[in-house]
Amino acid sequence: MTPLLELSNVRAGYGHSLVLQDISMSLQEGEIVCLLGANGAGKTTTTRVISGLLSTWSGEVRFAGENIAAVPAHRRVDLGICLAPEGRQVFPNFTVHQNLLIGSYSKTARRRRAEKFDQVYSLFPRLAERRAQKAGLMSGGEQQMLAIGRALMGCPRLLILDEPSLGLAPKIIIDVYATIAAIAKLGLSILFVEQNVQAALTIAHRGYVIANGRIAASGTTAELQSTPLVQEAFLGTKTAGTDRAAPGSARVSAH
Amino acid sequence: MLKITNVAKSFGGIKAISDVSFEVRPGQFFGIIGANGAGKTTLLNLITGYAPLSSGTIEFEGEPIHGLPPYRIAHRGIGRTFQITQPFAEMSVRDNVVTGALFSRNGARRSLKEARAMSEEPLRLVGLTDQADVPAGALTLGGKKKLELARVLATEPKLILLDEVMGGLTWGEIEDLMSTLRRIHAAGATIVMIEHVVHVIVDLCDHVFVLNFGRELFRGTPQDVVTHPEVIEAYLGKPLAAGADA
Amino acid sequence: MNMRFASVSIWVVGLLFALLTPVFGSPTMVDITFRTCSLVVLAVSWNLMASAGLISLGHSAFFGLGGYAAILAANSAGTPFWLSLLGSLVAGAILGLGLALITGKMRGIYFAITTLAVSEGLRVIAVMLPDLTGGAKGAYLIPDNFPGAFTVNLAMGIAAVGTCLIAWAISRSRYHFAFRAMRANEGASQMLGLYPLKYRAAITAISGSLASLAGGVEVWHGGYIDPALAFDLHITITSQIAPILGGIYTLSGPVLGAVATTLIGDATRIGLGHIEGASLLVFGLILVGCVLYLPQGIRGGIVQFLDWRSGRGGASMPVPADTRPR
C-alpha cells in the first residue's frame with residue numbers, strides 16, 4: 001500500500017545551516033506517529049518541511065504517492081495537510097469562532113465548513129461555549145484546543161501537531177490527549193512532535209527518534225519503549241539522563 | 001524574604017487573583033502549581049511590577065516593593081524568567097547574557113570586559129556555551145528557556161522567580177537543568193518556581209503553593225500536595241497521579 | 001585580521017576625504033561632498049534612534065530647529081559661526097530630551113507619529129511667529145559674520161566625521177547593549193535592571209543634537225531659511241532612505257547609504273534632468289531594486305559578496321533562495 005506520507009533522504013535547513021541531514025520516514029493512512037528527539041534535533045523543522053513552510057534542499061516529500069516538494073504551503077492545506085504549530089499561535093484578537101473560520105479558508109474546506117464546525121464544536125464543547133470570546137483571553141489549554149480545532153477546520157487527511165502538551169497542566173494534557181485519540185478515531189492520520197514522551201507513547205502506534213537531523217531509531221511504541229536510547233534520554237528510567245541521543249547509540253531497529 | 005499579603009488583582013471586573021498570602025523564607029525552594037489560567041503568571045507579574053496590584057501588599061526583605069517599576073525591583077535583587085520566552089532575538093546568546101550583567105544592581109560599576117567575562121558562568125551552567133555566538137532568535141524553544149535562566153543568573157539575583165523553565169525540554173535536559181538549579185540553590189539563591197512538570201516540583205521544592213481560579217487551594221510539602229484529593233481533582237487529574245509515583 | 005585592516009583603512013580614507021575636500025577639491029567635488037556629509041550626519045543620527053527601536057518620521061524637526069537656532073543666534077546677537085552651531089546642538093538635544101519625555105513608553109508607530117506631529121507642529125509655529133522667524137517669507141542670514149564658504153564646508157566635514165566617531169564610540173559601549181535590548185523587547189529588558197527611559201532620553205538627545213547640527217551648518221551654507229525648507233518632509237525621508245539603503249542598525253551602512261543616495265540622485269538628475277519627472281522615477285526604481293535585491297542593504301551585499309569570494313560559510317552547499325522562515 002502506498003503510504004499517505006513518505007519522506008526520503010530529505011535534507012533541509014535555514015540559511016547556511018543544515019538542520020535535517022537525512023530524514024526518511026513514512027506514515028500510513030489512519031496511523032498515529034510521533035516524532036521524538038532532543039531540542040534542536042530537527043523535529044519542528046521536519047514538520048515545517050512537511051507542511052511546506054520550509055523547502056527541502058534535496059530529497060523527496062510524497063503525499064498520497066505524489067511528489068509535493070514544489071507545492072507551496074497554502075496549496076498543501078488544499079491537499080489535506082494541516083498543522084497546529086508549536087506554541088499554538090492562535091490569533092489573539094480574533095474570537096474563537098473567527099479563528100476557526102480562518103482555518104477553513106482553503107477551497108476544499110470552505111465547501112464543508114458547516115459540517116466541520118459541527119465536528120469541531122462537538123469534539124471540543126469548551127470551544128462551543130466560548131465561541132464569542134477573544135482567543136487571547138483564553139487559558140493555555142483552551143488555546144491548544146483551539147489550535148487543534150483550527151487545523152481540523154482545514155479538512156486534513158494528515159493532521160500535524162507540534163508539541164500539543166507544551167506548557168499545559170497535567171490534567172489538561174490528559175484532556176488534550178484524549179481528544180487527539182478521539183480525532184484519530186475519525187479516520188485521520190496524525191503526526192505529532194512531543195517532548196512529553198510518556199504521554200506521546202500512550203496514543204501513538206509508531207514513532208521515530210530524531211537525533212542530529214537523522215532518524216536514530218524507529219519502531220512501534222512497544223519497541224521504542226524497550227530501546228535503551230529512548231529509556232535513557234526521554235523516559236528517565238535510567239538516572240544518567242545527560243547523555244545526548246547520538247546517532248551511533250541506537251541499536252534497536254535503527255535505520 | 002518575600003512576603004505577599006492579601007494580594008488581589010482584577011482585570012476589568014474579572015478577578016484573576018483574590019486574597020492570596022504567602023511568605024517565602026531565605027533559602028527556600030518554593031513551588032507554585034495550578035491549572036492553566038489559575039493566575040500563576042499574573043502573580044509573578046504583580047511581584048515584578050509588570051502589573052499594578054488591585055489591593056494587598058508585597059514586601060521584599062522587609063520593604064514594600066509594590067508600585068515600583070520592574071527595573072527597580074530587579075535592582076533590589078529579584079530576577080525572573082518569562083513563560084513566553086523573551087529573548088533579544090537579533091543579539092547573540094552571549095550578548096543577551098552580557099546585557100543581564102551590565103544593567104543589574106552591580107552592573108553600573110562593571111566594564112564591558114568584566115560583563116563579558118561574567119557571562120561565561122551562566123552560559124556554562126545552563127549548557128549554552130556551544131551556542132554562545134548564535135543569534136538568540138535561532139535557538140529552539142528549549143534553548144530559549146535556558147537562555148532566560150542564564151540571563152537572569154547574570155544579574156546575580158537573591159531571589160529567582162522561574163516561570164515554566166522546563167517547558168519544551170526533553171527528559172535528559174530536564175535532569176540537567178534540575179541539577180543546575182540545585183547548585184544555584186545550594187550557592188545561596190532563594191527560588192520560586194512555577195512548573196507543570198510535577199516531578200520537578202516534587203524533587204526540588206520544599207514547599208508548594210497551589211493556586212486554583214486565583215485563590216489558594218492548598219499549601220504544604222510536595223508529598224502532601226500530590227496526594228491531596230482536591231489537588232488531584234483540580235490539577236493533576238487521576239490517571240497521571242497514579243503514574244506519578246512510578 | 002586583513003578584513004579588519006581593510007575596513008579601518010576605508011574608514012580612515014573616507015573620513016579624511018570629508019575633511020580634505022574643502023581644502024583641495026574642485027567646486028563640484030566640494031559641493032557633492034558637502035551634501036554627502038550633510039546626509040551622513042542625518043542618516044547616522046536617524047540610525048542611532050532606530051537602533052534603539054525608535055523610528056523617527058520627523059527628523060526634519062531637528063534639522064529645521066537647528067537651522068533656526070543658528071540663524072536666530074547669528075542675526076539677533078551677532079553670535080559667531082562656531083558658537084551658533086553650539087546653539088544648534090543644544091537646541092536639538094533639548095528637543096530630543098523633550099521628545100523622550102513626551103513619548104514615555106510609546107513605541108513603533110505611536111512614537112513615529114509623534115515625531116511626525118512634532119515636526120509639523122514646529123513648521124506651523126515657525127510660520128505663526130513672523131517677528132521671530134520671518135514667518136512664511138523666511139529669513140536671510142545677515143552676512144556680517146559669514147566666515148567664508150571654506151569654513152562652512154569644512155564644518156560639515158567635521159560634523160560628519162564627529163558623528164561617525166560618536167556612533168562608533170556608542171557601538172563599543174554599554175549603550176550598544178541597552179539599545180539592542182530595548183529594540184528587541186523593552187519589557188523584558190527592564191527585568192534585567194535596565195531603565196529604558198534613561199537610555200531613550202540619551203539617544204534622542206544625542207541623535208537630535210546631531211541632526212540639528214546638520215541644519216545649523218546648512219543654514220550658513222545657504223544663507224536663507226523658511227519653514228517649508230527647514231521642516232521639509234524630504235529631509236525626513238532621505239535621512240531614513242540612506243540607512244535603509246546602506247544597511248540599517250550598522251555602523252557603516254548609513255554612511256554607505258548616504259554616499260550612494262547622493263551619487264544616484266546626482267547621476268539621475270544630470271543624465272535625465274531634461275525629461276520631466278524621469279530622474280525621480282529612475283531614482284525611485286533604483287531604490288526599490290536595491291531594497292528588493294539587497295534586503296540587508298549595501299553593506300549586507302558587500303559582506304555576502306566577500307563571504308562568497310572567500311568561499312566561507314558553507315558556500316559549497318547550494319542554498320535555495322527561500323530557506324528563510326516565512
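View 1. Strands are DSSP runs of E, at least two residues long, and helices are runs of H or I, at least four long; both are numbered from the N terminus. Two strands pair if DSSP finds at least two bridges between them. Opposite B:Phe209 stands B:Arg219 in E10(B). B:Asn212 stands opposite B:Arg215, also in E10(B). The hairpin has 2 residues between the strands, and B:Phe213 takes a positive phi near 50°.

Residues are numbered from 1 along each chain as its sequence is written, and chains are lettered from A, ligands numbered from 1, in the order in which they are written. Local features need pLDDT of at least 70, side-chain atom pairs count only at pLDDT 80 or more, and totals for chains, interfaces and linings use all residues.

**View 2. The open sheet of chain B.** Here 6 strands run in the order E6-E7-E8-E3-E9-E10, with mixed pairing. Strand E6 (78-80) and strand E10 (215-220) of chain B stand at the edges. Each has a single partner strand, so one side of each is left without a neighbour in the sheet. Neighbouring strands of this sheet are turned by 15° against each other on average, direction ignored.

**View 3. Helix H1 on the sheet of chain B.** Which strands does helix H1 (residues 40-47) of chain B touch? Helix H1 packs on the sheet against strand E3 (29-34), E6, strand E7 (159-163), strand E8 (190-194) and E9 of chain B. Contact between two residues requires C-beta atoms, placed from the backbone, within 7 Å. The direction of H1(B) makes about 150° with that of E7(B). Axes are lines fitted to C-alpha atoms, for helices over the stretch in contact; angles run from 0 to 180 degrees between N-to-C directions.

**View 4. Chain A against chain B.** In this interface, 26 residues of chain A are in contact with 25 residues of chain B. On the chain A side, the elements that give two or more residues are helix H7 (140-153), helix H8 (170-185) and helix H11 (228-235). H8(A) gives the most, with 4 residues. The chain A side divides into 11 nonpolar, 10 polar and 5 charged residues. Nonpolar means Ala, Val, Leu, Ile, Met, Phe, Trp, Tyr, Cys and Pro; charged means Asp, Glu, Lys and Arg; the others, Gly among them, are polar.

**View 5. Confidence in chain B.** Over residues 240-246 of chain B the pLDDT is below 50. Beyond near neighbours in sequence, this stretch has 8 contacts in the model. Where pLDDT is low, the predicted coordinates should not be read in detail.

**View 6. The fold of chain C.** Chain C has 14 helices and 2 strands. The radius of gyration of chain C is 20 Å, close to the 20 Å that the globule rule gives for 326 residues, so chain C is as compact as a globular protein of that length. The radius is taken over C-alpha atoms; the rule is 2.2 Å times the number of residues to the power 0.38. The C-alpha atoms of chain C fill a box of roughly 70 × 50 × 40 Å, taken along the principal axes.

Technical notes
pLDDT is the predictor's confidence in each residue, from 0 to 100.
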